[in-house]
Amino acid sequence: MSFFDSVVEQKVRCKVPGCGKSWILDPKEIVENWKHNNYNVPKRMCGSCSQAYQKLSIQKIQCSTKFCEELIRIPPFQQLVAEKKNRPIKKQNLFCAKCQTRLKNIEDKKIPCRIKACTKSWTWFASSQLKNGGMLLEAKPDFRLCGTCFKIFQTLTSQHRPCRVSTCNRTWELDRMTQLESQIKGKKSEPKRMCSFCNSQFRKMVPKKEKCQISGCNKTWEWSPYGQLEYEREKENNSSLLPPRRYCTSCFSLKKTLKPSSTSCIKNNCPQTNEYSIEDQLEDILEKNPISLRRKMCTTCEKFYNHLKDEEISCQQKGCDLTWLWKKEEQFRESFYQEGKLIRSEAPTHYCNRCDDFLHNRSDTHVQCQSCESLILWTSRQQLMTELNLWVPPRLCPSCLKKN
Ligand SMILES: [Zn+2]
Ligand SMILES: [Zn+2]
Ligand SMILES: [Zn+2]
Ligand SMILES: [Zn+2]
Ligand SMILES: [Zn+2]
Ligand SMILES: [Zn+2]
Ligand SMILES: [Zn+2]
Ligand SMILES: [Zn+2]
């Protein structure tokens with residue numbers, strides 16, 4: 001057995017970068033090489049690479065520069081390496097030789113961040129300028145975020161914010177870009193917006209002319225769409241809500257010259273007063289009402305009045321058992337103040353209706369003396385007394401009476 005017979009086969013790694021396989025170098029070949037003083041290990045593909053290689057052909061890709069017609073040739077080996085390294089050839093970023101020379105003369109540019117309040121910038125690479133702008137570099141830079149802003153942007157999620165109409169319970173979506181903008185500008189700059197429902201209603205609304213709240217005034221005030229919206233939203237929760245009442249501009253300025261005042265109680269000598277509101281004052285000015293129209297019972301008098309009851313009082317006529325009605329209004333009118341307190345007076349003396357009618361409808365008359373035929377006065381009161389069986393009609397005149 002010669003020395004060469006002891007040489008064994010050798011496992012050699014595939015020459016394709018990224019491929020982990022190997023191929024077998026035959027001992028005979030090793031020996032043959034050694035005989036020619038060649039001790040280098042040859043570089044070859046493994047079986048599977050070699051098979052894949054056979055199937056590939058040269059790829060022609062257009063240069064990435066806009067309008068450049070040049071084709072770039074990608075040999076099969078490069079394609080194979082790309083596949084093995086799992087790093088696909090970036091066909092959208094391949095430049096022909098001429099363009100690569102051009103690239104060297106173009107500078108990367110700093111473009112301001114798309115967030116206006118941000119002072120940072122992003123880099124617009126020469127390759128992008130060429131690729132998008134062609135050889136004349138006609139491209140305009142994109143609106144892009146700087147690196148810092150982009151990092152913040154990625155941490156953000158869209159948020160819901162309450163509708164700016166204070167009476168609305170709905171929300172609107174605050175998108176990420178707007179959040180980023182306000183974060184860079186400072187928190188206070190976060191926008192206030194209406195929800196989409198309010199917004200769509202708001203567009204259809206127009207200012208409305210509403211009547212002045214003062215009943216004697218014919219002027220109007222303007223109800224803004226926003227105000228209407230606030231009212232509409234609040235009404236959703238409270239269907240009985242009334243529309244707002246407001247002063248017209250002239251009443252409003254007149255109002256500023258007025259002060260809340262008071263009116264005296266309707267009861268004479270009552271020290272209490274009632275509030276005379278600015279609104280009532282305005283109304284009276286416009287309608288030229290005298291202040292006396294505003295006089296009414298004060299609360300103390302009203303309480304007193306409400307406790308009073310109509311009362312039956314005996315007729316002042318002796319012998320009459322009928323009564324007359326002492327009305328509460330009458331009792332109130334006759335009541336008086338004593339030591340700051342309202343006191344009901346004693347019931348007045350009065351005839352009952354029957355007696356009163358009698359006295360009014362009967363007139364004094366005369367009867368003839370049965371003895372001297374002179375006339376004797378017969379008063380209506382005497383007639384009433386007779387009616388009540390307290391008196392008898394006279395038969396004799398006073399002088400005849402004396403004679404008897
Ligand atoms: Zn291989
Ligand atoms: Zn080119
Ligand atoms: Zn930025
Ligand atoms: Zn809303
Ligand atoms: Zn008015
Ligand atoms: Zn009073
Ligand atoms: Zn009577
Ligand atoms: Zn007589």
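**Glu339 lies in the loop between strand 15 and strand 16 (341–343).** The protein is shown as a predicted model, in which local features need pLDDT of at least 70 and side-chain atom pairs count only at pLDDT 80 or more, while totals for chains, interfaces and linings use all residues. Residues are numbered from 1 along each chain as its sequence is written, chains are lettered from A and ligands numbered from 1 in the order in which they are written, and side-chain values use heavy atoms, without hydrogens and water. Phi of Glu339 is near 50 degrees, a positive value in a residue other than glycine. (Relative accessible area is under 20% for buried, over 50% for exposed and in between for partly exposed, with a 1.4 Å probe and protein chains only; helices, H or I runs of at least four residues, and strands, E runs of at least two, are DSSP runs numbered from the N terminus.)

**Ser335 occupies the loop between helix 13 (328–334) and strand 15 (336–338).** Is Ser335 buried or exposed? Ser335 has a relative accessibility of 5% and therefore counts as buried. Apart from neighbours within four places in sequence, Ser335 is in contact (heavy atoms within 4.5 Å) with Lys267, Phe304, Leu342, Ile343, Arg344 and Ser345. Two of these partners, Leu342 and Ile343, fall in the range of strand 16 (341–343).

**Asn86 is placed in the loop between helix 3 and helix 4.** Asn86 is a residue other than glycine with a positive phi, near 55 degrees. Its relative accessible area is 65%, so Asn86 is exposed.

**Val81 is a residue of helix 3.** With a relative accessible area of 15%, Val81 is buried. Setting aside neighbours within four places in sequence, its contacts are Val16 and Pro17. Val81 and Asp5 are separated by 76 residues in sequence, and their C-alpha atoms are 37 Å apart in space.

**The zinc ion (ligand 5) is coordinated by Cys212, Cys217, Cys248 and Cys251.** Each of these residues donates its SG atom, at 2.2 to 2.4 Å. Why is the arrangement around the zinc ion (ligand 5) tetrahedral? It is tetrahedral because the four donor atoms subtend angles of 103 to 114 degrees. For comparison, the ideal angle for four tetrahedral donors is 109.5 degrees. The donor residues of the zinc ion (ligand 5) are spaced C-x4-C-x30-C-x2-C in sequence. Cys212 and Cys217 are buried.

**The zinc ion (ligand 6) has Cys265, Cys270, Cys298 and Cys301 as its protein donors.** The SG atoms of these cysteines lie 2.1 to 2.4 Å from the zinc ion (ligand 6). The site is tetrahedral, with angles of 100 to 119 degrees among the four donor atoms. The sequence spacing of the donors is C-x4-C-x27-C-x2-C. Which parts of the chain does the pair Cys265 and Cys298 tie together? Cys265 is in the loop between strand 11 (261–264) and strand 12 (273–276), and Cys298 is in the loop between helix 11 (278–287) and helix 12 (299–307), so the pair joins parts 33 residues apart in sequence. Cys265 counts as buried because its relative accessibility is 1%. Cys298 likewise has 1% relative accessibility and so counts as buried.

**The setting of these views is a protein with 16 helices and 18 strands.** The radius of gyration of the protein is 58 Å, well over the 22 Å given by the globule rule for 404 residues, so the protein is more spread out than a compact globule. (The radius is taken over C-alpha atoms, and the rule is 2.2 Å times the number of residues to the power 0.38.) Along the principal axes, the C-alpha atoms fill a box of roughly 205 × 55 × 40 Å. Of the 404 residues, 31% count as buried. Among contacts between residues at least 6 apart in sequence, 49% join residues at least 24 apart.

Key. Donors = N, O, S within 2.8 Å, 3.2 Å for Na, K, Ca; no water. Tetrahedral: all angles 85-135°; square planar, octahedral: opposite > 155°, others 65-115°.
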